[in-house]
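Colleague: I am new to this structure and would like to know what stands behind the words used for it. Could we go through some of them?

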Amino acid sequence: MKLVVLTGAGMSAESGIKTFRDSDGLWENYRIEDVCTPEALERNPELVNHFYNERRKQLYDARPNAGHVGLAELERYFDVQIVTQNVDDLHERAGSKKVLHLHGELKKVRSSRNPEAIYDLEGWELKPGARCEDGSLLRPHIVFFGESVPNIEPATELVRQADIFVIIGTSLAVYPAASLLHYAPDGIPVFVIDPNIPQEARRHGFHLIEKGASEGVAELKKLLLNQ
């Protein structure tokens, strides 16, 4: 049975990973338009790289929380596929085997000319002016605001195949990721885990678990395994 899980920023909040939604459009005291747009990269690549170097440093100090671990443990009972809006690797470090990243991966960098030339970054620092084999500047492997989301089509196909669909820690406000909700097959169980259930989810008669990721996944496991 295929269990497809869409996770957002709330999934990693208990691990100390902050997001731009934490405070009035500021992300770790930076404006989004200064660090997370193609224009920002063109205008000030040093600032953009510095920002993501700091995010990587933070990620190396973070640890998967009980919610991440709980989802990995469900692989004993289900074919679990994680579709995540998060750019951290906490799902993988918790043991999840199938993880599709919609918005890129913090520990990878890519060519600024060829989006398919992607490299693992050793350590947390992308040095200013670093270039890849094609001679272009390396940039964070992050889908910036205003850029296309290459993995949305495979994610859509995964949701279409789901026998159970779970949404954890996402506001369902960032598109196209939020549209995945509408591709779940009619009649399958849909669970939404969030201390603040998005209004969009309240309209559909889903199973609502108004808790954070760790407590919510624990409750989900009990419901799915009839414990």
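Modeller: Let us start with contact, which means heavy atoms within 4.5 Å. The model is predicted. In that sense of contact, Ala66, Gly67, Gly70, Leu71 and Glu73 in H5 meet Ala213, Ser214, Val217 and Lys221 in H9.

Colleague: What makes H5 roughly parallel to H9?

Modeller: The two helices pack at an angle of about 25°, and their axes are 7 Å apart. Angles under 35 degrees count as roughly parallel, so H5 is roughly parallel to H9. Two packed helices are described by the angle between their axes and the distance between the axes.

Colleague: How do you know that the span of H9 is close to the expected one?

Modeller: Helix H9 covers residues 213–225, which is 13 residues. The expected span is 1.5 Å times one less than the number of residues. For H9 that expectation is 18 Å, and from the first C-alpha to the last the helix reaches 18 Å. After H9 comes Asn226, with a positive phi near 55°.

Colleague: Why are the buried residues of H9 said to line one face?

Modeller: The buried residues in H9 are Ala213, Ser214, Gly216, Val217, Leu220, Lys221 and Leu224. Seen down the helix axis, they fall within an arc of 160°, so they line one face of H9. The face turned away from that buried side carries Glu215 and Lys222, which are exposed. As for what the buried residues pack against, the list includes S1, H5, S9 and S10.

Colleague: Why is Val190 called buried?

Modeller: Buried means under 20% relative accessible area. Val190 has 6% relative accessibility and therefore counts as buried. Val190 is in strand S10, residues 190–193. Leaving aside residues up to four places away in sequence, Val190 touches Phe165, Phe206 and His207.

Colleague: What makes S9 largely enclosed by the rest of the structure?

Modeller: S9 runs over residues 164–168, and five of its five residues are buried, so the strand is largely enclosed. Both of its faces are covered: Ile164, Val166 and Ile168 are buried on one side, Phe165 and Ile167 on the other. In a regular strand the side chains alternate between the two faces of the sheet.

Colleague: How do you know that S9 pairs with S1 and with S10?

Modeller: Two strands pair if there are at least two bridges between them. S1, residues 2–7, and S9 have five bridges, and S9 and S10 have four, so by that cut-off each is a pair. S1 and S9 run in the parallel sense, and S9 and S10 also pair in the parallel sense. Thr7 has Ile168 of S9 as its bridge partner, while Val166 stands opposite Phe191 in S10.

Colleague: Why are S7 and S8 called edge strands?

Modeller: Three strands form an open, antiparallel sheet in the order S7-S6-S8. S7 (118–120) and S8 (138–142) each pair on one side only, and they are the edge strands. The average twist is 45° from one strand to the next. Between S6 (residues 104–111) and S7 there are three bridges, with Val109 standing opposite Tyr119 in S7. Helix H4, residues 45–61, lies across S6 and S8 and runs at about 145° to S6.

Note on methods
Residues numbered from 1 in each chain as written. Predicted model: local features only at pLDDT ≥ 70, side-chain atom pairs only at ≥ 80, totals over all residues. Heavy atoms only, no water. Buried < 20%, exposed > 50% of the residue type's maximum accessible area, 1.4 Å probe, protein only. Arc of directions from axis to C-beta. Axes fitted to C-alpha atoms, helices over the stretch in contact; angles between N-to-C directions. Parallel < 35°, antiparallel > 145°, perpendicular 65-115°, else oblique.
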